[in-house]
Amino acid sequence: MKKTVDDRLAALRGSAKRLDYNARSLAALENNPRCTLRALLDASGSDKTAIATHVGHPPSFGQSSFAITRGNAFEAMVKDNGCAELLRVLRETLHLTLPEVGYEDLNDVGGDGRSKERHERTEEVLLRAARGEGDGTLFDHPMLRLLIGGHKAYLEPDLVALRIDGRFHIVEIKSFPIIDEQADSTQVRAATTQACAYIIALRDLLGRAGIGEQAVSDTIVLVAPKDFTNRPTGAFVDARKQVAALTRQLSRIERIGDLVDLLPEDLTFDLAPDAEDRPRRPAEELTEALDRVLVTYRPDCLNHCEMAFYCRSRARAEASLDVLGPVVREQFGGIDTTTMVMGLARGELTPSEDQVEMAAALRHAARLRAELEDLGGAA
Amino acid sequence: MSTLSALAHVQAMESMQAVPLTEFRHRHLSGRPLVIVPLAMAGEAGAPLAAMVGSAKRNGTLLVVAQPRNRDQRFAFAADLGRIVMDYIDSFRQDRRGEGERSRYTEAPQILVPNPGGVKALADLGRMCRFRATSGPYAVPDVVPEFGMWLTFLVDWAEQAGTSMLLPVTEMLTEHWATGQSTLEDQNLASLMAWISPPSSLSVEQAMADAENPDVCPPAGPSTSPEFDNRDLAPAIRRFDTARTLGDPHALAAAEAELRELIAGQIQPTWRMVWQAISLLRSVPEAPRTAKRFEGDCKAFTDYSDYRDSGGLPQRKRDTAIGAARRLGRLERALAEFESDMAFDDRFVLADRRSAGEAFDGTVVKAEPGRTVTTDKNRRVPRPRVTVRTEDPVRLAADTKLISPSLPTGHKATIVSVLSDRDVTQITLEITGGMGRGRVPKQGTVPEPGQRIAYLPDPGWRPAPQFPASDATPWTHSAAGAAGTDPAVPEDAAAEEWGNED
Ligand code: SF4
């Protein structure tokens, strides 16, 4: 009998505990959506950090305790006193009319902090609000849930769902500054992508009760420190494009079966951990397994993916142009390796039909280069 | 990027060795640059943690903010660094040449930082300092706003291509060398140096691995490594805070000394590496036109210096629409001129443009040196035509105006026709300038058959676009308005709070 996709994914992960998607790993989807290895590792719930470390390429995504402290302190300050500062920003900076404000902390479910219970409580409260019952305006610590590839992923935003004029808005509190009304675009983008996961999850929650998606706005409220102070300021961020992009990625995960079908039957990323969680699987064997899966490495992976050092070393070993990044790559459309580039440039390889033009440009460039070097180049 | 530059990166990757992209160094390199290595605290809005500063490798001054979250300590730091930088800047406000309008300083300061992040750190510091009030409740020393304004000026000016008053050394290095790694990795000074000049006992591979290991090569800033923050820095700052709370002078001195030592360990490797990069760059000969461009730096420096001397206002927070348009125009023009200067000076860069089809080099196969035309004003002027045969993949169209590094300056030509047949292109040109005033072109101004000649597009002299005159200080966009109202200074200038108060 043919195994189900879930069985295959479980076999890929092996004996380790399943890791679920979280807002961060969902956000990372956007950075390299075409990568098969990443898709498989995430869909199977494999521990990327442990795998990369075991094959000798530990990721370096350490977070400074200063940044964490600062982030927590800022968030606490904004939410203090029933979100007093947050309300001030909403009213004064963003000019929102909020008559009466009801604040509800969804973290508080009688000491029962389990995801499922908290989610049920969130569901109940938010649905009531969506139907116009109750006087809630701000909902702190909602526990959202997304079904990804048939698996429940709980998302626990450190944020507030704000209800104005009958619509929910996601409020993201971040500690990077907005200086003279401008914030670092990379950081804004990362924050927005994360918020998109919440928008989609919130829409999903309401959708299950037959409430349409327009009940959740795709404009995010970003709250961050103003200039060099500790005082918060706010801005609206349009997340439409990113919501659409993430929705597309998610639907791709639903079709993970197509990717799994292409894999060899016996492939697994199992670490075979012992009782102390130390991997027993020989590292070479694990490397071999990884090597059998397609990757689309690009230097930007170094900023986003736990597997980046492994993928880079693989790209280097294959003399892949991916190592040099898209700017250089684009110059050699359709050629994959340095060996091929140099072969064509030196006239040692015969170009295929669609490489003819590229090969001519390369031979020309190589001639120029030779001229320059003959005349004694710099350094 | 041209095929040639891309190929250089591929060659570097294949040979595991940096490949030169230019024959010359196109940036002015001061005989006495001021190096600043700024460090900032993670998570805070541009909160300075430390800086190493100095104009010689041997005498760097290390400044440390023991508790970066403390407002007073931050300002004490800004004042200390400000004094050093202002002394340096002032040392260039001495010798002036020329009279009246044309009078200007003969030299200009040059601040070098490790990487683009260093420029950003200085921009933040400039923004933090320039609006500070020197009296009232949150008074800061006089030097703080002055320093802030100068930093802002330098950061703004650095956006213009070809300038040299503030530069990241990574940028100077990558202008000259291609590595076998990505642009992202090239921004790590240690990784870049691993390709160009690995430590003598190491291979490029080993040096690259070391460059990414924060225990061997601490990051060049402005962020310190998270491991260092969590393992060393956070406990040391805590000890400092405790000692301060207890008011124990011995413990305080010890905690401060410990912090300094820790930070010195993080910053000194970068400091040394920046100086090593500078001496590498010195070994590359300077391009001929660099000196001319440097005069532009001196002029901008003089103008801003005079503006400060006349008590000018701090740069506004955001550009006005006019200011932004003016600035964009200036940046575009400067970029076109810089690119053309480089191609003119440097056969590597010219080859690069040729590879991209934006320039060509070939042999004159036909010439009509005696050709003349009659102008509208009924004057007969020489308009010789020549045809150049080239194997370059030319992508220039008819009517493009050209200049040539192979002929006396002033030479100008226009493309009449371009005929391509497989790998060979015949370009017919009409020579329009640089032949002298007579009816017959001066000797040597019209290329002869058999002569090798190169052409590239003329960036042209474009008139500066006209804008309303109200905003007459292009480098600051400060509306030094006659009305005396000052939108550039926020009302809360003095009260704007900093970070977490202790
Ligand atoms: S680092 Fe590797 S696994 Fe991760 S996204 Fe990039 S290519 Fe895919």
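This is a predicted model: local features need pLDDT of at least 70, side-chain atom pairs count only at pLDDT 80 or more; totals for chains, interfaces and linings use all residues.
Taking contact to mean heavy atoms within 4.5 Å, 58 residues of chain B are in contact with 56 residues of chain A.

**Extent of the interface**
- The size of an interface is often expressed as the accessible area that is lost when the parts come together.
- For chain B and chain A the area buried between them is about 4,800 Å², of which 61% lies on carbon and sulfur atoms.

**Polar and charged pairs**
- The rule finds nine salt bridges across the interface of chain B and chain A, and a salt bridge also joins the side chains of A:D227 and B:R127, with an N to O distance of 3.3 Å.
- Across the interface of chain B and chain A there are twelve residue pairs in polar contact, counted where both residues have pLDDT 80 or more.

**The side of chain B that touches chain A**
- At least two residues of this side come from each of α1 (3-15), β1 (19-20), α3 (116-130), α6 (183-186), α9 (226-246) and α13 (347-355) of chain B.
- Among the contributors to this side of chain B, α1(B) gives the most, with ten residues.
- Sorted by class, the side of chain B that touches chain A comprises 24 nonpolar, 15 polar and 19 charged residues.

**Domains of chain B**
- Chain B is divided into domain 1, covering 3-318, and domain 2, covering 358-457.
- The centres of domain 1 and domain 2 of chain B, taken over C-alpha atoms, are separated by 46 Å.

Notes: Residues are numbered from 1 along each chain as its sequence is written. Chains are lettered from A and ligands numbered from 1 in the order in which they are written. Side-chain values use heavy atoms; hydrogens and water are left out. Buried area is the accessible area (1.4 Å probe) that two parts lose on being put together, summed over both. A salt bridge is a side-chain nitrogen of Lys or Arg within 4 Å of a carboxyl oxygen of Asp or Glu. A polar contact is a pair of N or O atoms within 3.5 Å; within protein, one must be able to donate a hydrogen and the other to accept it, and residues adjacent in sequence count only if both atoms are side-chain atoms. Helices (H or I, at least four residues) and strands (E, at least two) are DSSP runs, numbered from the N terminus. Ala, Val, Leu, Ile, Met, Phe, Trp, Tyr, Cys and Pro count as nonpolar, Asp, Glu, Lys and Arg as charged, and the others, Gly among them, as polar. Domain bounds come from an automatic or database domain assignment.
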